[in-house]
Amino acid sequence: GEEHRFAFAGAAGQRLYYDAIDSDGDNIPVRLQNPRGSIAHLNGNSDSDVAPFTLLSSLPTEASAGGH
């Protein structure tokens, strides 16, 4: 399937919130990971909000959605 990736410079201690906006039941995976491939926090379904969380490192971070 199709996957979209978005890179940004995350900073250690930065607080983020994932707002799903759309809750239509589509099973689209979303992930937030560092260049080493480690999941930074977000790893679930695109329809679910994720409460504020804190980045643990200042590595470049990549968010991706899709990829069935």
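# Reading strands, core and pocket in a predicted model

Reader: In which sense do E2 and E5 pair, and over how many bridges?

Author: E2 and E5 are paired through three bridges, in the antiparallel sense. Two strands count as paired if DSSP finds at least two bridges between them. Strands are DSSP runs of E with at least two residues, helices are runs of H or I with at least four, and both are numbered from the N terminus. The model is predicted, so local features need pLDDT of at least 70 and side-chain atom pairs count only at pLDDT 80 or more, whereas totals for chains, interfaces and linings use all residues. Residues are numbered from 1 along each chain as its sequence is written, and side-chain values use heavy atoms, with hydrogens and water left out.

Reader: What are the covered and uncovered faces of E2?

Author: In a regular strand, side chains alternate between the two faces of the sheet. In E2, Leu16 and Tyr18 form the covered face, while Arg15 and Tyr17 form the uncovered one. Tyrosine 17, a member of strand E2, has 46% relative accessibility and therefore counts as partly exposed; the class lies between buried (under 20% relative accessible area) and exposed (over 50%), with a 1.4 Å probe and protein chains only. Beyond its neighbours within four places in sequence, tyrosine 17 is in contact with Asp49, Val50, Ala51, Pro52 and Phe53, contact meaning heavy atoms within 4.5 Å. Its C-alpha atom is separated by 20 Å from that of asparagine 27, ten residues apart along the chain.

Reader: In what order do the four strands of the open sheet stand?

Author: The order is E1-E6-E3-E4, with antiparallel pairing. Strand E1 (3-9) and strand E4 (39-45) are at the edges; each has a single partner strand, so one side of each lacks a neighbour in the sheet. From one strand to the next, the twist averages 10 degrees, where axes are lines fitted to C-alpha atoms (for helices, over the stretch in contact) and angles run from 0 to 180 degrees between N-to-C directions.

Reader: How many bridges join E1 to E6?

Author: Seven bridges join these antiparallel strands, and histidine 4 stands opposite alanine 65 in E6. On the way to E3 (residues 29-33), E6 (residues 60-66) makes four bridges, also antiparallel.

Reader: Which residues make up the largest nonpolar core?

Author: A nonpolar core is a set of buried Ala, Val, Leu, Ile, Met, Phe, Trp, Tyr and Cys residues joined through side-chain atoms within 4.5 Å. The largest one here has nine residues: Leu16, Tyr18, Ala20, Val30, Leu32, Leu42, Val50, Phe53 and Leu55. Strand E2 (15-18), E3 and strand E5 (50-54) each contribute at least two residues to this core. Leucine 42, for its part, contacts Tyr18, Val30, Arg31, Leu32 and Val50, leaving aside neighbours within four places in sequence.

Reader: How much space lies in the largest pocket?

Author: Rolling a probe the size of a water molecule over the atoms shows where empty space is left. The largest pocket holds about 290 Å³. On a 1 Å grid over the protein atoms alone, a pocket is an open set of points with protein on both sides within 12 Å along at least five of seven lines, a cavity is a set where a 1.4 Å probe fits but cannot get out, and lining residues have an atom within 4 Å of a point. Points are joined across faces, edges and corners, and the volume is the space filled by probe spheres set on them. The pocket has 18 lining residues, of which Tyr18, Val30, Leu42, Ala63 and Ser64 lie nearest its centre. E1, E2, E3 and E6 each supply at least two lining residues, and E6 gives the most, with four.

Reader: Where is the place of glycine 25?

Author: Glycine 25 sits in the loop between E2 and E3, and is exposed, at 62% relative accessible area. Its C-alpha atom and that of serine 46 are separated by 9.0 Å, although the two are 21 residues apart along the chain. Glycine 44, by contrast, lies in strand E4 and is partly exposed at 31%.
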